[in-house]
Amino acid sequence: VTGAARVERDRLRALLEREQAAFAERNPRSAAAYAEADSLFGRVPMTWMNKTCAHFPLYLDTARGAHVTDVDGHEYVDFSLGDTGSMAGHSPAPVVEAVRHRVEQLGGLAVMLPTAQAQAAGAELAARFGLPRWSFSLTATDANRWAIRLARAVTDRSKILVNSYCYHGSVDESLIVTSPEGGAPRPGNVGAPVAVTETSRVAEFNDLDGLARELAHGDVAAVLMEPALTNIGIVLPEPGYLEGVRELTRRYGSLLIIDETHTFCAGVGGATRAWGLEPDVVTIGKAIGGGIPAGAYGLSAELADRLLGREDLDLIDMGGVGGTLAGNALSIAAVCATLGEVLTEEAFAHMHALAERFEAGVARVIGTHRLPWSVTRLGARVEYRFADPAPRTGTEAAAVHDQELDDYLHTYLANRGILMTPFHNMALMSPATTEADVDLHSRLFAEAVALLLGPDA
Ligand code: PMP
């Protein structure tokens with residue numbers, strides 16, 4: 001049953017319009033800044049910033065810890081945290097200190113010489129994720145792109161397999177979904193270089209038969225996946241699924257690349273450590289830099305040795321792997337401070353307890369009204385969906401998306417001081433988030449739902 005079954009659409013639309021009008025009224029400075037921004041493509045510095053529940057984005061003024069203020073002077077509890085880029089909280093003191101030291105005392109922001117600190121960053125990532133050889137990028141997208149190239153090179157196979165409705169950044173190979181006729185381009189994809197079926201194969205998350213069928217073609221260099229989908233709502237792996245993926249990738253000679261960019265919320269070593277996974281490659285980005293651009297990929301020793309032993313591969317100059325500013329001294333310093341002093345075991349324990357509290361607050365509302373909705377937690381991340389049981393594949397998750405309902409809840413919350421991840425109903429806890437922050441969400445969510453269901457609820 002989907003949630004839409006219990007929601008009266010006319011009432012929802014009327015409430016959404018009311019909240020959007022209040023949003024416009026409350027935020028004249030943001031509205032004016034947006035109206036003036038005609039030197040920007042789509043009026044924003046990056047097109048995704050047009051993903052807004054009202055008709056213009058809020059403009060940032062300041063951000064500290066788990067809180068953000070906009071240019072109209074409103075303060076928000078930020079459960080979006082830059083869609084995970086600020087999982088460590090906004091400007092955590094150790095990162096600020098490390099960045100300031102690098103910028104002001106040492107200098108050297110774009111020198112293309114290594115710092116000794118990079119070994120410490122690599123060793124910390126190795127200890128957490130269990131893979132011994134690391135390389136750095138500035139984004140998770142690039143970590144994935146480079147991992148894909150290395151996988152193709154070492155296996156001499158052309159295709160990459162991903163899960164339907166996955167997200168791994170603007171990686172061409174990943175923009176494929178399942179369809180009755182087989183793999184198909186993800187709707188709305190912009191400027192695909194070639195038909196995605198030339199480069200990619202696709203299987204549903206939690207579907208080992210589908211995976212085995214695709215891998216049996218023998219042309220898959222690597223499976224690139226999140227250990228739980230997090231970009232189409234949270235879709236958790238069913239018991240035995242991830243073990244099955246590892247078994248099948250080994251059987252068919254495909255590498256396994258685990259993208260921990262979001263699932264890092266599962267613990268200090270992401271889901272890889274929390275669930276004892278054995279990937280050939282881990283990719284990550286966003287949170288590890290504490291807000292400073294940083295990404296990384298880790299390789300097994302065997303894979304690293306095979307790659308370094310291949311004299312035909314140009315890993316040093318024009319091989320299509322690497323970037324001018326990648327591994328720069330500033331992002332390395334930020335990674336060391338973030339991992340060493342902010343996203344620690346203790347911080348994760350705090351974040352997980354808060355996420356449990358958040359989940360319980362949402363579950364209470366769903367239970368009280370017997371709504372056909374569900375709430376799912378992955379470590380420090382919680383998501384509510386308008387379906388019960390929770391979707392078990394990306395395609396199922398995409399099918400229960402309800403834009404108006406999302407927009408209503410997001411606008412209602414924003415008008416009262418809460419920011420959710422704009423892409424769906426996702427909340428992430430940071431080390432700076434408090435119980436009071438979570439309880440504010442629980443109260444406002446209960447109010448928004450009661451209002452939506454009306455006096456008969
Ligand atoms: N991998 C995953 C799992 C992600 O969620 C994202 C971004 N949402 C990326 C990669 C890409 O990150 P970036 O846009 O910072 O390159």
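How many residues of domain 1 are in contact with how many residues of domain 2? In this predicted model, 20 residues of domain 1 touch 24 residues of domain 2.

**Two domains and their contact**

The protein chain is divided into domain 1, made of residues 3-78 and 345-453, and domain 2, made of residues 93-342. A distance of 28 Å separates the C-alpha centres of domain 1 and domain 2. On the side of domain 1 that touches domain 2, the elements giving two or more residues are α12, β13, β14 and α13. The table lists these elements with their residue ranges.

| Element of domain 1 | Residues |
|---|---|
| α12 | 345-368 |
| β13 | 374-378 |
| β14 | 381-385 |
| α13 | 394-399 |

The element that gives the most to this side of domain 1 is α13, with four residues. Sorted by class, the side of domain 1 that touches domain 2 holds nine nonpolar, six polar and five charged residues.

**The chain as a whole**

The protein chain contains 15 helices and 16 strands. Its radius of gyration is 22 Å, close to the 23 Å that the globule rule gives for 457 residues, and the chain is therefore as compact as a globular protein of that length. Along the principal axes, the C-alpha trace spans about 70 × 60 × 45 Å. Of the 457 residues, 49% count as buried. When contacts between residues at least 6 apart in sequence are considered, 74% of them join residues at least 24 apart.

**The largest nonpolar core**

In soluble globular proteins, nonpolar side chains tend to be buried together. The largest nonpolar core of this model has 134 residues, and the members that touch the most other members are A222, I257 and A334. Helix α11, residues 329-342, gives the most to this core, with ten residues. Why does this core lie between domain 1 and domain 2? It lies there because both domains give residues to it.

Neighbours within four places in sequence being left aside, A334 is in contact with V95, A98, V99, G289, G290, I292 and A294.

**The surroundings of the ligand**

Which residues are the closest to the ligand? They are T139, A140, T141, G169 and T261, and the ligand is surrounded by 14 residues in total. By class, the shell around the ligand consists of two nonpolar, eight polar and four charged residues.

Technical notes
Residues are numbered from 1 along each chain as its sequence is written. This is a predicted model: local features need pLDDT of at least 70, side-chain atom pairs count only at pLDDT 80 or more; totals for chains, interfaces and linings use all residues. A nonpolar core is a set of buried Ala, Val, Leu, Ile, Met, Phe, Trp, Tyr and Cys residues joined through C-beta atoms within 7 Å. A residue is buried if 20 or more other C-beta atoms lie within 10 Å of its own, exposed if 12 or fewer, and partly exposed in between; C-beta atoms are placed from the backbone. Domain bounds come from an automatic or database domain assignment. Two residues are in contact if their C-beta atoms, placed from the backbone, lie within 7 Å. A residue is near a molecule or strand if its C-beta atom, placed from the backbone, lies within 6 Å of it. Ala, Val, Leu, Ile, Met, Phe, Trp, Tyr, Cys and Pro count as nonpolar, Asp, Glu, Lys and Arg as charged, and the others, Gly among them, as polar. The radius of gyration is taken over C-alpha atoms; the globule rule is 2.2 Å times the number of residues to the power 0.38.
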